[in-house]
Amino acid sequence: MRIHPTDPRLYLVELPDFRETPQPPQVQENLEPLTTIVNWATDYLCRPHPELGRTGAVCPFTQPSLRRNLFFLTVIRGAELRLDDVEEVVRAYRDWFMEMPPTEPKQAQYKTVNIIFPDLPEEAWKTLIEATQDRLKAEYVPHGIMIGEFHPGPPDKAALWNANFRPLHCPLPMLVIRHMVPTDFVFLRDREDFMSAYLRLQGDRIPPVIIKDVRLAAAAFGLPMPGEAVVREAVQAAGDAVPGAVPAECPAHAHAAADAADRAAPPASRCPEDAVPEPALTSTRA
């Protein structure tokens with residue numbers, strides 16, 4: 001169990017806490033929602049899904065997070081929470097998340113804080129969970145932090161590989177804080193400021209399988225890929241030298257610019273896919 005160093009109201013449950021005798025009070029009081037989310041993570045996030053559109057686990061980072069004991073949980077009770085209440089709670093956990101170890105990028109990428117709101121009625125899933133995510137995302141992304149919305153609805157966001165699959169389905173409403181990873185492109189590609197932050201923070205780690213889509217999205221906003229400046233200057237110089245040629249910055253020629261960058265840039269490494277589910281927890285007290 002981790003307790004915030006200056007605000008004892010903030011706590012984070014760790015997986016070993018479930019095995020303690022007696023369990024910490026925060027676990028005993030919230031055992032059902034806590035075990036529900038841990039079991040959902042192992043049974044769903046850590047396993048393949050036939051509608052995902054690719055091989056491997058739904059979330060390749062969850063099992064490493066569980067194994068490293070970096071999968072943290074907390075429960076916020078109340079059926080009549082206000083949007084300001086939820087934002088205040090999430091900001092407090094976001095600040096703690098950024099400070100608490102590990103902070104070294106190689107390990108910190110597996111750190112995640114799951115904030116569970118088990119008492120919220122269905123009508124609050126959009127007005128509180130999705131609205132909070134939408135309002136805070138712009139604050140998080142420039143710092144390499146993601147806030148994810150999950151609920152039984154599920155949220156409308158589609159999977160990267162199958163536009164008909166909704167991967168953010170969860171048995172309880174929840175907001176999740178974690179570090180940005182290369183495959184977050186699907187959540188960031190529609191806004192220039194988000195894409196700019198993504199390229200700045202993940203540009204050297206983009207998986208080869210999505211590199212062309214990333215370059216197309218970047219070109220649509222006129223954003224250079226890391227290491228692409230020389231390529232863009234060469235293409236622009238060619239446009240200046242040939243009458244009637246269209247500069248690479250022209251959105252109508254984004255595909256051509258992306259292809260030129262694809263040929264010039266070095267290959268990127270793939271994301272890890274390490275997923276062997278752990279045994280499920282039960283909500284029955286020993």
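**Entry 1: salt bridges**

I began with the side chains of aspartate 95 and arginine 94, which meet in a salt bridge at 2.8 Å, N to O. The cut-off I use for a salt bridge is a side-chain nitrogen of Lys or Arg within 4 Å of a carboxyl oxygen of Asp or Glu. The model is predicted, so I took local features only at pLDDT of at least 70 and side-chain atom pairs only at pLDDT 80 or more, while totals for chains, interfaces and linings use all residues. I number residues from 1 along each chain as its sequence is written, and side-chain values use heavy atoms, with hydrogens and water left out.

Next I looked up accessibility, where buried means under 20% relative accessible area, exposed over 50%, and partly exposed in between (1.4 Å probe, protein chains only). Aspartate 95 is partly exposed at 38%, and arginine 94 is buried at 11%.

How many salt bridges does the structure hold? I find 14. One of them joins arginine 135 to glutamate 87, with the closest N and O atoms 2.6 Å apart. This pair links distant parts of the chain, with arginine 135 in helix H6 (residues 124-140) and glutamate 87 in helix H4 (residues 83-99), 48 residues apart. For elements I use DSSP runs numbered from the N terminus: helices are H or I of at least four residues, and strands are E of at least two. Arginine 135 is partly exposed, with a relative accessible area of 45%, whereas glutamate 87 is buried at 6%.

I also noted lysine 126 with aspartate 156, a salt bridge whose closest N and O atoms are 3.8 Å apart. Lysine 126 lies in helix H6 and aspartate 156 in the loop between strand S5 (145-150) and strand S6 (174-179), so this pair ties together parts 30 residues apart in sequence. Lysine 126 is partly exposed at 45%; aspartate 156 is exposed at 56%. Through shared partners, salt bridges join Glu87, Arg91, Arg94, Asp95, Arg135 and Glu139 into one network.

**Entry 2: strand S4**

Is strand S4 (residues 112-116) enclosed or open? Five of its five residues are buried, so I log S4 as largely enclosed by the rest of the structure. Both faces are covered, with Thr112, Asn114 and Ile116 buried on one side and Val113 and Ile115 buried on the other.

I then checked the neighbours of S4, counting two strands as paired if DSSP finds at least two bridges between them. Strand S3 (residues 71-75) runs parallel to S4 and is joined to S4 by five bridges. S6 runs antiparallel to S4, again with five bridges. Valine 113 in S4 stands opposite phenylalanine 72, and its bridge partner in S6 is isoleucine 177.

**Entry 3: largest pocket**

I searched a 1 Å grid over the protein atoms alone; a pocket is an open set of points where a 1.4 Å probe fits, with protein on both sides within 12 Å along at least five of seven lines, and lining residues have an atom within 4 Å of a point. The largest pocket has a volume of about 910 Å³, which is the space filled by probe spheres set on the points. Of its 45 lining residues, the closest to the centre are Val58, Cys59, Pro60, Arg178 and Thr183. Elements giving two or more residues to the lining include S4, H6 and S6. The largest share, five residues, comes from S5.

By class I count 26 nonpolar, 10 polar and nine charged residues in the lining. Here Ala, Val, Leu, Ile, Met, Phe, Trp, Tyr, Cys and Pro are nonpolar, Asp, Glu, Lys and Arg are charged, and the others, Gly among them, are polar.
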